[in-house]
Amino acid sequence: MEHVIRQQTMKDSKFGFLLILPSLLLLGIIVIFPIVYVVVLSMTIEVSGINIWAGLKNYKNILFEDSKFWGYLLNSIKYMVFGVGSAFIVGLFVSMSLNMVTHLKGLARTVSLFAWAVPPVIASLMWKWVLNDTNGALNFIFMSLGVLKQPIAWLSLPNLTMFVLTQVHAWTTIPFIMVILLAGLQTIPRELYEVAEIDGAGSIQKFRAITIPMLMPSIQSSVMLSTIFAFRTFDIVFTLTGGGPGELTEMLVTYVYNTAFVFGRLGYASALSVIMVFISMAIVVLFVKLLPARDQ
Amino acid sequence: MKRLLLVLMVFATMGTAFAQSYQSVQWAPIVGRVNADTYQLPKGAKEAIAAEGTKKLVIYNWGDLSFDPATVASGKMYTELTGVEIEWVGTPDEQMMPKLQPLFMAKSAAVDIVPLDGTNFRTFVSRNWLMQVDFLWDEATLAAFQSGARNLLVEGHHYSVPQVARVTDIMYYRPSMLKAAGYSAPPATLDELAEMAKKMTIDKDKNGSIDQYGYAFRAGGVLDGAEIIKSIALLYGVNPDNVNGKVKYNDPKVVTAVDYLVKLKNEYKVVPQGVTSYQHGDVADYFISGNVAIVIDPTYLYARAADSPIKDDFAVALAPRAYKGGPTTVIQNWNGWGISSFSKNKAAAAVYLDMYRSFQAQKREFILENNEVLLKKVYDDPQAKQIGYAAVLSQITDTVIEIYPNQGEVYKTVIAEFQNALIGKKTAQAAMDDAQAQINKIMGY
């Protein structure tokens, strides 16, 4: 009997494999081939417009001789930490608020998703106008309220620009985090809170002992994905500051763009891209280790 | 075996026919056709196009076609003359290289004609992605264009024809603001500009916030930032992209130019503090918004200002000289067309290039879009003389078009260091010395 079942399973497995074979082939062409091509390209350098084999030279140069790489990596880390950190705090607050809303629930949730619906390039242009030092809405509002005496050049002050960029990034990311956390919050059984209340637990104790542990899988996935998105965000930086002032907001992703499409060094840019993929994988490992999704 | 040989011979014959289709066109006499009031196709053009079987050309364009009525009109003229349709692919500037580069790397025939500028031209040529078009040029034809056209030759060969060549620096000012500050004429020198800008930077309601700035410049984008330095340096008599054949951004006169701009922002405080994030278009927007007295910007601002709320209160003049009697050299931003080496429609594409640098198409660019062109005859046309800033153009003694390998990387370096000077992180001298150290590496000096 067991033998017959195993044979049937094998048959099903083969049939399943045959069914997904076309998809696998397509995937191979449109995903795997470009990846392999980039890896191969990363091992070449341009000489008189022709790419010649250089082995690991680009990687060696990037990791051991290119001081810009490390500077831009640091900027990318700052961007990820402050951008995702801010988005997470606000996203958690909004999702908990929405979880408690009983009237006009649908409207409230739709409105809170607005920033997510705006294409990144449009959002960046919109923020560019909002943050303009002379005609921008933000300075106008702050000056009208008496918060500021002088307009601030939000995108030009060395100590402020990176922080401003991270907050614009947070604005675009909050809805994403909020949606995942809200879904997580709705899976927490109401009874747990009721039991805690009977035991005399206050709001903070309930939050620490029930909400956070039960929400951990959602926190892990939302923060991990947001961090990877932040690491590869291009539109906001490119549109708002172009990496300036100086190189204070130059990130790895803009470095890749400039190296490939402004400097025309495709081999070096490909090597930078491959390194970025490894960093993204390291981020995933880090989050899985740091924020284990506890068993509910 | 015999059959195989026969098939091979047929293919070889077909290949030769395709390869030589554009060569069968009788391009000469070129200059007469280029300068004619009405463009005529070269002899044999239609036959060559028919021989290669072209029905449609795919042409990439900088930005959406709705901004380029002259390009659209010239495209229609081409279709009427040849019967070949054009499929335009309007592409945002920053996406042009990411889109074209993979097509070229794949040796794709999906694009026939590509738009060129200083950021992509030399890269495309060095990788053999552009077809050589020496057959479209001779000495008499080259002489019909402004001298900048000669700088587009690469090792003695042509790979493009000019589309437009925008003059980057003319001065726009607000007569009412000058008058309120006690001036009857715009500044004639850079010192005068600084002095006037000081007087015209005003906190009108005395609330501690500047309501009107005297001047504004762009120091945000890669091209913008390097060009603003270069444009001032040219007025001091040096071209940083070509100091005795070398790129030299720490030349004393270039440092003086950078120092001048830094002082305007940090010492005199007559420009908005956000200039390091101002890219092309931002200064124009700011001028049109009505809160700045003087800007120096490309000629495309003229048409925008003439159709804006300040249309009755703006005027144009030659950019101030560095000193009395100094040079009035300005940069021209060149845009051109090139043919993909992998195009299967080379004859039709070559005819398009031939048509686009003609008097008829070039005049259209100037009249319809206020884009300057390199073809000299356009400026003799009575309609061209009616353009609002024609008198300013006639005062410009010389123009510069400089295109060289690794220019994008050089400019990126220059803008980063220029911004370091503008935010007070480095002195003008230190910033330009640091830029030069990197340039030396990039250029292999």
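Start with the polar contacts between chain B and chain A: 16 residue pairs make them, both partners at pLDDT 80 or more. This is a predicted model.

Next, select the helices on the chain B side. Helix 5 (93–105), helix 12 (282–289) and helix 18 (407–422) of chain B each put at least two residues on the side that touches chain A. Now pick out helix 18 of chain B. It gives the most to that side, six residues. Colour the touching side of chain B by residue class. You will find ten nonpolar residues, 16 polar and six charged.

Turn to the salt bridges. Four of them link chain B and chain A. For one of these, select Arg265(A) and Glu409(B). Their side chains meet in a salt bridge, at 2.8 Å from N to O.

Zoom out to the whole interface. On chain B, 32 residues are in contact with chain A, and on chain A the count is 39 residues. Which residues of chain B lose the most area to chain A? Select Arg127(B), Glu409(B) and Lys412(B): together they account for 20% of what the chain B side buries. The area buried between the two chains is about 2,800 Å². Carbon and sulfur atoms give 49% of this area.

Note on methods:
Residues are numbered from 1 along each chain as its sequence is written. Chains are lettered from A and ligands numbered from 1 in the order in which they are written. This is a predicted model: local features need pLDDT of at least 70, side-chain atom pairs count only at pLDDT 80 or more; totals for chains, interfaces and linings use all residues. Side-chain values use heavy atoms; hydrogens and water are left out. Contact means heavy atoms within 4.5 Å. Buried area is the accessible area (1.4 Å probe) that two parts lose on being put together, summed over both. A salt bridge is a side-chain nitrogen of Lys or Arg within 4 Å of a carboxyl oxygen of Asp or Glu. A polar contact is a pair of N or O atoms within 3.5 Å; within protein, one must be able to donate a hydrogen and the other to accept it, and residues adjacent in sequence count only if both atoms are side-chain atoms. Helices (H or I, at least four residues) and strands (E, at least two) are DSSP runs, numbered from the N terminus. Ala, Val, Leu, Ile, Met, Phe, Trp, Tyr, Cys and Pro count as nonpolar, Asp, Glu, Lys and Arg as charged, and the others, Gly among them, as polar.
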